[in-house]
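Subject: Structure handover

Hi,

Here is the structure we talked about. Please open it alongside this note; my findings follow below.

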Amino acid sequence: MASTACFVIVSKNDIPIYEAEVGSAPKKEDLAYHHQFILHAALDVVQDLAWTTNAMFLRSVDRFNDLVVSVYVTAGHTRFMLLHDSRSEDGIKSFFQEVHELYIKIFLNPLYLPGSRIASSHFDTKVRALARKYL
Amino acid sequence: MIGVGKAKQYANVLDKPLGRGRQEVSLSAFAFLFSEVVQYNQTQVDNIAELERRLEDAGYAVGARVLELLCHREKGNRRETRLLGILSFIHSTVWKVLFGKVADSLEKGTEHEDEYMISEKELLVNRFISVPKDMGAFNCGAFVAGIVRGVLDNAGFPAVVTAHFVPIEGQQRPRTTILIKFAEEVIHREARLG
């Protein structure tokens, strides 16, 4: 398992709708802000890259020191961004694909307003379980 | 009711596997529901344009979801980045899932470069609807236009989409044409991608 990993889902309108600090590193508040900052900076790269391929998994798009940003773009241009330090690409791909399936189920719920925060605790539990399994 | 009692119960939607989407829905049930949608919205508005807009908004929410679901289910997690790709995705994949058949035709507008048309001789939502004279050019296909706009907009191709009746010679019923006018940025990007 990666010692540091931060997972964020960014909506089509560039608003973060889900955030989770996963990984075994001790939680520090200032580090979390630091992670947000790196992910935020990677968004521009993603915007350009997204139109050059029709794959959803864009692999690693950006790096900061020893941290790597991997991104997955869904059909509706919702971006899953993972900041991590290990390099098991297959695991990350599987992680994204399973989260994508969960996200579709949330999205199909007529009571979920597209672009709003994903507040479901079930979703949170499942994402964390997937992170433990794959990352 | 059909299907009740057969379905396995799940504690949460997240535990339920995504269906393969092979089931069909009764047309009469859908027609009744759609009729109610139109009637309800009619009580909420005071002009035709507003009614069309409300139907379009209802369709938009469907389109956004349909795009996300179908790219996962039918296209094996591939996105559409090209204009013609997304149009043929709507014309065949989306139409087939929603209406059980591909759309009758997909054409490029002759006058403008940024206009495309999807035509349907007998649009499913219009099958049991005839529009009274005093409602002018109102077309319940606005709902379908909304679906198309929802798919396009979420895939990153913002467009203005409208539904129109077009009379066909020798036929009682006019066909419905969904007119798609893409935003300028889409045409620019298309040119850049080459």
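How many residue pairs are in polar contact across the interface of chain B and chain A? The rule finds 18, counting pairs with both residues at pLDDT 80 or more. That cut-off matters here, as this is a predicted model.

**The interface**

Which helices of chain B each supply at least two residues of the side that touches chain A? They are helix H2 (48-73), helix H4 (142-154) and helix H5 (184-193). H2(B) gives the largest share of that side, with seven residues. By type, the residues on the chain B side divide into eleven nonpolar, six polar and nine charged.

Now the totals. Chain B puts 26 residues into the contact, and chain A puts in 32 residues. The size of an interface is often given as the accessible area lost when the parts come together. For chain B and chain A, the buried area is about 2600 Å². Carbon and sulfur atoms give 59% of that area.

**The sheet in chain B**

Chain B also holds an open sheet of four strands. The order is S1-S2-S4-S3, and the pairing is antiparallel. Strand S1 (105-108) and strand S3 (159-166) of chain B are the edge strands, each pairing on one side only. On average, neighbouring strands of this sheet are turned by 20 degrees against each other, direction ignored.

Helix H3 (residues 83-99) of chain B packs on the sheet. H3 touches S1, S2 and S4 of chain B. The direction of this helix makes about 10 degrees with that of S2(B).

Strand by strand, the pairing looks like this:

- Strand S2 (residues 115-120) and strand S4 (residues 175-182) of chain B pair in the antiparallel sense over six bridges.
- Within that pairing, B:Ile118 has B:Ile178 in S4(B) as its bridge partner.
- For B:Ser119, the bridge partner in S4(B) is B:Thr177.
- S3(B) and S4(B) run antiparallel and are joined by eight bridges.
- B:Ala163 has its bridge partner in S4(B) too, namely B:Ile178.

So what is worth a look on screen?

Best wishes

Note on methods
Residues are numbered from 1 along each chain as its sequence is written. Chains are lettered from A and ligands numbered from 1 in the order in which they are written. This is a predicted model: local features need pLDDT of at least 70, side-chain atom pairs count only at pLDDT 80 or more; totals for chains, interfaces and linings use all residues. Side-chain values use heavy atoms; hydrogens and water are left out. Two strands pair if DSSP finds at least two bridges between them. Axes are lines fitted to C-alpha atoms, for helices over the stretch in contact, and angles run from 0 to 180 degrees between N-to-C directions. Contact means heavy atoms within 4.5 Å. Buried area is the accessible area (1.4 Å probe) that two parts lose on being put together, summed over both. A polar contact is a pair of N or O atoms within 3.5 Å; within protein, one must be able to donate a hydrogen and the other to accept it, and residues adjacent in sequence count only if both atoms are side-chain atoms. Ala, Val, Leu, Ile, Met, Phe, Trp, Tyr, Cys and Pro count as nonpolar, Asp, Glu, Lys and Arg as charged, and the others, Gly among them, as polar.
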